[in-house]
Amino acid sequence: MKQNLFKFIALSFVIGAVSLSCSKNEEPAPPTIVTIDTTAAIAAWGNVMQGNDPEEYTWPDLSENYWFYPMDVAGNPNVGLRIKGQYPTTNARFFNITMYNDQTMQRIASAEDFNIVPNDGSENPFNKSNVTGSNYFEINMVPEGSAIKGLKNVMTFPSNLQKLSLLLRIYFNSIDHDGGFGGVDVPQLTFFDLTTGNDIKVAERTDSFYYTFFGAMVKSIPVLKKQNAMVFTLAPNTAYSNGPTGYVSAANRLTTGNGLFFRFIPPVSPTLNNLESNRTADVRYWSICVGDTLTYTPHTITDRMIVMDGEYVNFMIVAKNDPNITNITAKAQTLKINLIVWDIEKHGEPMMVFYRQMYIRNGFEHSVQKITPYPPLNDKGMPDISLQPMPRNANVAHKVLGQNGPYGIVAPAAMILQPTFATTTIRMGEEANMPGEGQ
């Protein structure tokens, strides 16, 4: 055993001497330069999921596009994930990149457009006015404790993470947009060496729980019952939720002859192409989306589409085949009610209505994120109603946010044709009508 130890020590000296000799007499090897196939690096995201595509499911907002990428972290040791992109220039309202634990669907971190530091020689048009030309950025995703230095826009994930997934989202100034990334190429995805920082190859996709989960969700939505009121509640923040977003939803059924009414005081959102208002507004964006139980979204009304009624915003959902649809449409316009005409024959009676706030200002007193989510999440990141009791109304928007939380009534659609009807009627009875009290 001693002889083996001596041999090992002697061999170590020899290796050390050879290494020292090489370091004295030879120039260090130049860094390896890898040529990345740009097209393949873009394709690593998979197909664009276009919000205004009527066949896109999972209740997307019509003004967005998004791309999904899953990575096998455990199968790629000492490898980081790099995003190389160009800031969008056309019709783009904002964009962000969110990182998830793909096994639990829970969010790890998010990078928003104006927080992304540009490459040397570039400028960030979301953070500086009058920017021209092509401007580039790079985001580097590394495990916690990584020793590599000098990288810009570093996002970290747990060192024991098995699978990582990304969602790249871009929102536009209108619901009329194409499937692109605001006039520039979708950012590239590459693997890089965590020791040298050099690119290795195009990022490789792995399988993901994303498609399994949403495929199962679409098939398992329970029968939605008719409610007496439009009550909006906050659900748990899970299932690949967007980093800076908060939203509440109301489930109901619309029958011909009835109307679903709701109103609230909305947040202040940025004015068009005003960078300063991007930083000071209550939210970067808000919208009302209406979807069916197949999780398609036929309707989105964004903050730049709405008609205001003083400080309030009013909404009415009415059946396309309502016998009074022509008069209702005219009266809704007069009363400054934002009308959504629902095609029962095409989409059915049950629907989900979403009120979304995007990138909420820190300290915004009427943020939907102030509402308590229910049910809480278990250690696997899934909702579990057995974990703890919840105070009544703690996750109800109008109970927590008052007039800034959406609330409404279900009533005959022709009610708005009556001379005595006023938009204040829409919130009548909000103390009495609560979830589960419908028929």
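Which residue in S2 stands opposite Gln 50? In this predicted model, the residue of S2 that faces Gln 50 is Asn 65, and this pair belongs to the contact between S1 and strand S2 (residues 64–72), where the two strands pair in the antiparallel sense over 2 bridges.

**The open sheet**

S1 and S2 belong to an open sheet of 5 strands, which follow one another in the order S1-S2-S8-S4-S5 with antiparallel pairing. Because strand S1 (49–50) and strand S5 (106–112) each have a single partner strand, they stand at the edges, and one side of each is left without a neighbour in the sheet. Strands of a sheet pair through backbone hydrogen bonds, in either a parallel or an antiparallel arrangement.

**The S9–S10 hairpin**

Strand S9 (residues 188–193) and strand S10 (residues 199–202) run antiparallel and are joined by 3 bridges, with Phe 191 having Lys 201 in S10 as its bridge partner. The two strands form a hairpin with 5 residues between them, and in the turn Gly 197 has a positive phi of about 85 degrees.

| Strand pair | Sense | Bridges |
|---|---|---|
| S1 and S2 | antiparallel | 2 bridges |
| S9 and S10 | antiparallel | 3 bridges |

**Confidence along the chain**

The chain has a mean pLDDT of 87, and 86% of its residues reach 70 or more. Where pLDDT is low, the predicted coordinates should not be read in detail.

Notes. Residues are numbered from 1 along each chain as its sequence is written. This is a predicted model: local features need pLDDT of at least 70, side-chain atom pairs count only at pLDDT 80 or more; totals for chains, interfaces and linings use all residues. Side-chain values use heavy atoms; hydrogens and water are left out. Two strands pair if DSSP finds at least two bridges between them. Helices (H or I, at least four residues) and strands (E, at least two) are DSSP runs, numbered from the N terminus. pLDDT is the predictor's confidence in each residue, from 0 to 100.
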